[in-house]
Amino acid sequence: MLRVESISFAYGRQPALREVSLAVGAGEVVSLLGMNGAGKSTLLGIISGLLKPSGGRVTLDGRQISGSAPSAVVAAGVVQVPEGRQLFGPLSVRENLELGSYTRLKRGQGKEVARDLDQALSLFPVLADRLGQAAGTLSGGEQQMLAMARGLMARPRLLLLDEPSLGLAPQVAAEILGVVRGLPAQGCSVLLVEQNALGALAVSARGYIITGGRIRQSGTPREILSDEMLREAFLGPRRAQSLVVPTSDKEPQ
Ligand code: ATP
């Protein structure tokens, strides 16, 4: 479905991505894992049309989307939920959600939007009780849920999630990643960018490791977690020793 082919990008003279290639199949959650500054957000910026690559291309179902305007990428079904959430703090939860489907509301598709709102709220029931509350007064976890729900209101075929578990308590992070795991069943594939390698791999069919702007490794969660060097690099020797490798790897499509 999504193919990133040999993408390179530099901020001025400073290379940030070097010939990065990856793919997300229909019905897959795929994680992109890396430390601070590895190039993860830059790659999401290129996929969503905010940054123009200096080399390579991005295609969706065989059609090139790199070089298109961000609005055209959204129209093609690719929606990014940015790191830091970028909600409209003074607006209510309901208003933030409706902004996710603004173009359809403008076209008079209010009934469809109401259905999507119900569906988004069924994924994140806590938001249903807070529709009138200002988004800026939600807890960190609730804000992340709202940002994801707003992204889903645009009916994406592919959701790009930038560190959804960042800064959240483990239980809230697990709840959010649990919702991510279920999105393919609703027709939405996911590219999940995370530093939380264990949490992300637990809900992914496949993963890629990026360091210094290059993809170093890719494979199923089992393959990635069996690589001792990677386990130590990501988790530290003590956590790597106690790690339970997931047993239910799905094979890539
Ligand atoms: P994090 O997890 O901290 O968000 P990341 O993996 O998303 O990190 P990027 O934000 O893509 O990494 O950054 C990749 C590299 O590009 C880093 O060296 C960063 O300093 C640099 N970089 C990012 N944005 C800019 C910018 N606007 N101008 C110059 N350099 C930048």
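Phe88 sits in the loop between β6 (78-81) and α3 (93-99); helices (H or I, at least four residues) and strands (E, at least two) are DSSP runs, numbered from the N terminus. Keep in mind that this is a predicted model, where local features need pLDDT of at least 70, side-chain atom pairs count only at pLDDT 80 or more, and totals for chains, interfaces and linings use all residues. Residues are numbered from 1 along each chain as its sequence is written, and side-chain values use heavy atoms, leaving out hydrogens and water.

- Phe88 counts as partly exposed because its relative accessibility is 44% (buried is under 20% relative accessible area, exposed over 50%, partly exposed in between, with a 1.4 Å probe and protein chains only).

**Around the ligand**

- There are 13 residues around the ligand, and Asn36, Gly37, Lys40, Ser41 and Thr42 come nearest (a residue is near if one of its heavy atoms lies within 4 Å).
- Helix α1 (residues 40-47) gives the largest share of this shell, 3 residues.

- For Lys40, a polar side-chain atom lies 2.8 Å from an oxygen atom of the ligand.
- Ala38 uses its backbone instead: one of its backbone N or O atoms is 3.0 Å from a ligand oxygen atom.
- In Gln195, a side-chain N or O atom lies 3.3 Å from an oxygen atom of the ligand.
- On its own, the ligand has 630 Å² of accessible area, and the protein covers 58% of that (areas come from the Shrake-Rupley method with a 1.4 Å probe; for residues, only the protein chains shown count as cover).

Note on methods
Polar contact = N/O pair within 3.5 Å; in protein donor to acceptor, adjacent residues only side chain to side chain.
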